Amino acid sequence: MAGPFIVLNPAQESTVSSEKTANRLTTLDDKVLAVVNNGKRNSDVILQTLLAQLQQSYKLKDVIWIDKKNASLPVTDVMLEQLQSCHAVIAGVGD
Amino acid sequence: MSEQIALNDPLEAMEHFFMMGWTDGLPVVPPTPEKVEAMLKEVGLTGSEIMGKIAERNSVITSEKVAINAVMAGCLPAYMPVVLAAVQAVLDPAFGVHGPTVSTGGAATLVIVNGPIIQQIGLNSGKNLMGTGHRANLTIGRAVRFVLQIAGAGSKFDQTTIGHPGKISFCIAEAEREDWEPLHVQRGFQRTDSTVTVFASEGPNQIYNHVATNPEQLLLSFADRMTPFSTFNMQRNTQCVVVVCPEHLATIQKYGWDKTRVQQFLFDHARRPRADLEKFGFPVDSALGDKDWITVAPSPEDILLVAGGGPAGSFSSYIPGWASKDQSIAITKPISAADCGDT
């Protein structure tokens, strides 16, 4: 019997990333909250409802509402810059 | 360099790939280092070149991963330039690859090949065009799919509701002729160039008309087939592909119609009253404005016409698109692998 039969991994392999999970918040009081509406039908309805409930429970410092042009494409660099000033982000799909 | 996996033999390798989900449900050719090296050698690449990225998945596609997946799909090294060009096309941001490969809408990636490469590697443009029996077509289409689903991690995200068999492999060559402008020439290339055009496609619809004796009769039946309400094309600004079979093309050309005239005729007639659409409860995309008629595509040029299919039989094909032009458009790239990729 010859040696082992070698094949190559076809999938994306884990890479070392400089990214890390954001710090978890203990409260939304006095925080800036961003809401990303991906543009799916009724996603704005769901997100508005969720936002209204959060505003009843917490004293948000500010809310930034972002509308994506369409759901299938990534957020733009401009939107990413806006999100960097926020303490928390909600993104949702309204299918 | 990709991870090396030690197994006992090719059959065990095939079973291992099934277990890992590195397949479309059919057996794959085990990607040995020697076979992968032969793929890369064919296109003069080292394996480290970055062919593109899928931002939504944090995926980076290297030439080595393309080569590995091409081997698995059953490609010969000679097919590698086509696979590479198609991968570069789907990774063009305007194709928006994440959407059509994971959407509930279940699109496939249609690969249309033009130019001398068709003859050079034996791609089929004739009988059984979208069917079985031709290694180059089947394995190139399958390789593109593998790259997106395995190397590009798409299988983790694919939420397709129904889909269609083109999601396994969907690659055709145009039956180019001197008296008909081929797709790539219409899109800015020379006849002597070889190209791939990728298109996010729903399932193909056969157009059956054995009786029409002039272009108007024939193309009205095309237009009828192209305008069911329940497609993206009738609800959004969406491109589509029409494959014209030789018998239908003969009827069209007998009366001196060229490609542009056919596109214009289809654009003028493949439409339905907006009121009908709304009567059925279909939402009309706001991007369509307040027009009284809803047309299959936003312009004549967005109806991509391709010649192909077997010499006998009057069966053409209409291939609707996925979503809208805001989300994905057809992309054409030249096949010239030697200078592709970034290191």
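The buried residues of helix H1 of chain B pack against E1 of chain A together with E1 of chain B; packing here rests on contacts, two residues being in contact if their C-beta atoms, placed from the backbone, lie within 7 Å. Helices (H or I, at least four residues) and strands (E, at least two) are DSSP runs, numbered from the N terminus. The model is predicted: local features need pLDDT of at least 70 and side-chain atom pairs count only at pLDDT 80 or more, while totals for chains, interfaces and linings use all residues. Residues are numbered from 1 along each chain as its sequence is written, and chains are lettered from A and ligands numbered from 1 in the order in which they are written.

The buried residues of H1(B) are Ala13(B), Met14(B) and Phe17(B). A residue is called buried if 20 or more other C-beta atoms lie within 10 Å of its own, exposed if 12 or fewer, and partly exposed in between, with C-beta atoms placed from the backbone. Viewed down the axis of H1(B), these buried residues fall within an arc of 100 degrees, so they line one face of the helix; the arc is that of the directions from the helix axis to the C-beta atoms. Leu11(B), Glu15(B) and Met19(B), on the other side of H1(B), are exposed.

Between the two chains, 32 residues of chain B are in contact with 15 residues of chain A. On the side of chain B that touches chain A, at least two residues each are supplied by strand E1 (4–7) and by the helices H1 (10–20), H2 (33–43), H3 (63–73), H5 (98–102) and H7 (135–151) of chain B. That side divides into 17 nonpolar, ten polar and five charged residues, where Ala, Val, Leu, Ile, Met, Phe, Trp, Tyr, Cys and Pro count as nonpolar, Asp, Glu, Lys and Arg as charged, and the others, Gly among them, as polar. Strand E1 (residues 5–8) of chain A runs antiparallel to E1(B), and four bridges join the two. In this pairing Val7(A) stands opposite Ile5(B). Two strands are taken to pair if DSSP finds at least two bridges between them.

Chain A itself has two helices and four strands, which follow the pattern β-β-α-β-α-β along the sequence. Of its 95 residues, 16% are buried. Among the contacts in chain A with a separation of 6 or more, 84% are between residues 24 or more positions apart.

Chain B contains an open sheet of four strands in the order E5-E4-E6-E13, with mixed pairing. Strand E5 (171–173) and strand E13 (331–334) of chain B are the edge strands, each pairing on one side only. On average, neighbouring strands of this sheet are turned by 20 degrees against each other, direction ignored. Axes are lines fitted to C-alpha atoms, for helices over the stretch in contact, and angles run from 0 to 180 degrees between N-to-C directions. Strand E4 (residues 108–114) and strand E6 (residues 195–201) of chain B run antiparallel and are joined by seven bridges; Thr109(B) stands opposite Ala200(B) in E6(B). Helix H4 (residues 80–90) of chain B packs on the sheet, where it touches E4, E6 and E13 of chain B, and its direction makes about 50 degrees with that of E6(B). H7(B) also packs on the sheet, touching E4 and E5 of chain B, at about 135 degrees to the direction of E4(B).

Ala94(B) lies in the loop between H4 and H5 of chain B and is partly exposed, with 13 other C-beta atoms within 10 Å. Ala94(B) and Ser328(B) are 234 residues apart in sequence and 6.0 Å apart in space, C-alpha to C-alpha. Not counting residues up to four places away in sequence, Ala94(B) touches Ile329(B) and Ile331(B).

The domain assignment of chain B gives domain 1 (8–171) and domain 2 (203–321); such bounds come from an automatic or database domain assignment. The centres of the two domains, taken over C-alpha atoms, are separated by 29 Å. Ten residues of domain 1 of chain B are in contact with nine residues of domain 2 of chain B. The side of domain 1 that touches domain 2 divides into four nonpolar residues, five polar and one charged.

Asn58(B) lies in the loop between strand E2 (50–54) and strand E3 (59–62) of chain B and is exposed, with 12 other C-beta atoms within 10 Å. Ala153(B) is found in the loop between H7 and E5 of chain B and is partly exposed, with 17 other C-beta atoms within 10 Å.
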